[in-house]
Amino acid sequence: MSATTAPSPSGAPGRSGLRKGWWLPYALLGPAVIFEILVHIIPMVTGIWMSFIKLTRIYLRNWGQAPVVGLGNYKTSLDFSSSIGQGILHSFLITCGFTIIVLALSWGFGMAAAVALQRPFPGRGLFRTVFLIPYALPIYAGIITWKFMFQRSTGAINHILVDQLHLLGDKPFWLIGGNAFWAIVIVAIWRTWPFAFLMLMAGLQSIPSDVYEASAVDGAKPFRQWRSITLPMLRPVNTVLILVMFLWTFNDFNTPFVLFGSTAQPPAGDLISFHIYDASFLTWNFGYGSAMSVLLLVFLLIVTSIYLLVINRRSQRA
Amino acid sequence: MRESAGIKVFRVVTIVVLTAFVIVPLYVMITSSLKPLGEVRNAFSWFPQHLTLTPYVDIWSTVPLAQYFANSVVVCVIATAISLVLAIFASYAVSRWRFKGRTVFTTTVLSTQMFPGVLFLLPLFLIFTNITTATHIPLIGTRLGLIITYLTFTLPFSIWMLAGYFDGIPRELDEAAMVDGNGPMGALWRVVLPAARPGIVAVAIYGFMTAWGEVLFASVLTTQQNQMTLAIGLQQYSTQTNVYWNQIMAASLVVSVPIVVMFLLLQRSFVAGLTAGAVK
C-alpha cells in the first residue's frame, strides 16, 4: 500500500511530500469520521468498558460509581453450570441451527429462482417483481402478517395443515413451545431469500450467453452447465452474499421480537440478539448484557476471519 | 436454443412454489384487512364473507397512526439525508485519492457493518441517559436520539456502497472536467454526481428502507407515545383485551404500500447500485 498523498484526479503520480491540496481528502472525510466516532467508536469503547463493571439499575445514571468487577461478567456469562450460562449456551446453539438452515435454504431458493428466470420468457418481469416484494416490505409488516397466520385457532397455517390437507389431527401451537423454532425459520427465509435472488440474478446477467452456447455445442447438460459455468462465475457474488446473509441472520432480532413480543418468548425461538436484549432490559443488568455483546462480536469476528482466509486461499489456489 | 423437458419442469416448479410462498402471506394480509373484526376472530377463511372497508377507517383512530407515520417519515428522511451527504464526500475521497489512513477508514467502515445492533444499543442507551440527565437535551425516548442511532447502520452502508459506485465511474471523466478548469469539487459536482445518480438513488432507498423497518432501537429509544415510529406503533393494536387483527393487517398494508411502490419503481437503479458496490 502506498502511503503517499498522490491526488490522482490531477494525474501525475509519484512526487511525494506536500502537494497542493493534500488536505482535501481529509476534509472530505472529516464529517463522516466525526460521525463514525460519535456513533460507533465511542459507543463501542463504552460497551467494552461496561462489560467490566457491575452496571445494575442503581448505577445507570451515575455509572462512574459502578464497581469494577473485571472479568466477573464474562465468568458469569460463560459459566455453563449456572442458569445464566446455560441460557446463553442454549440461545447460542439455537442461533447456530437457525442460521445454518435459513442461510442454506435462502441461498437455494434464491439460486433456483435466479436460474429459472435467467432466460427471457413472457411474464418474467412480473415474477421478478413479485419475488422482490418480501424484501421491499417493511420488516415488521411481513413478520406481523406471519404472526397472524401462525395463530393456533384463527391462523391460516393451521387452517391449511389441519382443516384442508388433514396432515395433522390437532391444531398445534406455532408461537409457543418447540414449533416456535420453525416459525422463526420460515419467516426469516421468507424475508431473506429475495435478497439472495436479487444478488444472484444481477450476477447471472454478467455471464455472457455465448459461454453457455459454446458449452451446449460441446453437449453439456443444464446441470453440468450450472456446475461448471454458473457457479464459478458467480463466485465473487457468492462470497459477499453468503457473508452478508450470515451476519444478518445470526444477528436477527426482529423476527423473534415481532413474532413473540418482548416478554413471552419461547425458549425455542430465543435467538442470541434477542436473548441479550431480554437479559439486559428485563433485569436491567447492563454489565452482563455488554459482556454477552462483546462475546458475540468476538465470535462473529473469528467466523468472518476464518471465512475470508479460506476464501482467499481457495481463490489463490484456483 | 432448444430446452430439455427437465429444465422446463424445473422452471415451472420453482416459479410456482416460490410464488405461492411469497403470495400467500400477502394475500392473507390483504383479504384479512377487508374483514370485520368478528370474522378474523373465528377460524380462518380464504374468502371474506362480508367485505368491509371499516378497518381502513378505524386504524387512524384506534391508535394515533398518523402521528407514528409522521414520526417515521421525519426520522427516516433525516437519517437518510445526513448519511447520504456524509457518504458522498467520504466516498469521493476514498475512491479518488490514496492517502494515509485510507485503509484504516475503509476497514473500520466495513467492519462496523457486521457488528450486531445490540452491541451499540446498551452503550448508546447509557450515554443518552447520562447526556439527558446532565444537559436536559432529550435524547432518550425522542426522535432526535433515534436519528443519531440510525446513523449507526445507514452511514457505513452508504459509504461502502457509494465508494464502490464511484470506483466504477472512469477517472477520465474527472480529468476531462478538470481540464475544463474545474477543481476536484467541481468535478464531483458537475461530473461524478450526475454519473452516479443510480448509485445515489440506491443508497437513499436502502437507507430509507432499513430505517423504516428498524425495530430494535425504536423499541428501546421511543418510549413516549408522540415520538413512536410505525415499527413500535403497530404493536399498539394489540391491547390486553383485544387484538384487532383486521386493523393490524390494514395498517401493515398502509405503511408498506409507499415503500414497496418506491422500491419497485426504482428497482433497476437499486440493483445496479447494489451490485456495483458489492460485486467487485
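Trainee: What should I know before I start?

Mentor: The model is predicted, so local features need pLDDT of at least 70 and side-chain atom pairs count only at pLDDT 80 or more, while totals for chains, interfaces and linings use all residues. Residues are numbered from 1 along each chain as its sequence is written, and chains are lettered from A and ligands numbered from 1 in the order in which they are written.

Trainee: Which elements make up chain A, and in what order?

Mentor: Helices (H or I, at least four residues) and strands (E, at least two) are DSSP runs, numbered from the N terminus. Chain A has 13 helices and 1 strand, and from the N terminus on it reads β-α-α-α-α-α-α-α-α-α-α-α-α-α.

Trainee: How does the radius of gyration of chain A sit against a compact globule?

Mentor: That radius is taken over C-alpha atoms, and the globule rule is 2.2 Å times the number of residues to the power 0.38. For 318 residues the rule gives a value near 20 Å, but chain A has 25 Å. Its C-alpha atoms fill a box of roughly 80 × 75 × 35 Å along the principal axes.

Trainee: Is A:Leu132 buried or exposed, and why?

Mentor: Count C-beta atoms, placed from the backbone, within 10 Å of the residue's own: 20 or more others is buried, 12 or fewer is exposed, and in between is partly exposed. A:Leu132 has 22 such neighbours, so it counts as buried. Across chain A, buried residues make up 39% of the 318. Helix H8 (residues 209–217) of chain A is hardly covered, with 0 buried among its 9 residues. Just after H8(A), A:Gly219 takes a positive phi of about 90°.

Trainee: What does A:Leu132 touch?

Mentor: Two residues are in contact if their C-beta atoms, placed from the backbone, lie within 7 Å. Leaving out residues up to four places away in sequence, A:Leu132 touches A:Pro194, A:Leu198 and B:Gln267. A:Leu132 itself lies in helix H4 (residues 124–136) of chain A.

Trainee: At what angle do H4(A) and helix H7 (residues 179–205) of chain A cross?

Mentor: Axes are lines fitted to C-alpha atoms, for helices over the stretch in contact, and angles run from 0 to 180 degrees between N-to-C directions. Under 35 degrees is roughly parallel, over 145 roughly antiparallel, 65 to 115 roughly perpendicular, and the rest oblique. These two axes come within 7 Å and cross at roughly 125°, and the pair is therefore oblique.

Trainee: Which residues of H4(A) and H7(A) meet?

Mentor: From H4(A) come A:Phe131, A:Leu132, A:Pro134 and A:Tyr135, and they meet A:Trp190, A:Arg191, A:Pro194, A:Phe195, A:Phe197 and A:Leu198 of H7(A). For classes, Ala, Val, Leu, Ile, Met, Phe, Trp, Tyr, Cys and Pro are nonpolar, Asp, Glu, Lys and Arg are charged, and the others, Gly among them, are polar. This contact has 9 nonpolar, no polar and 1 charged residues.
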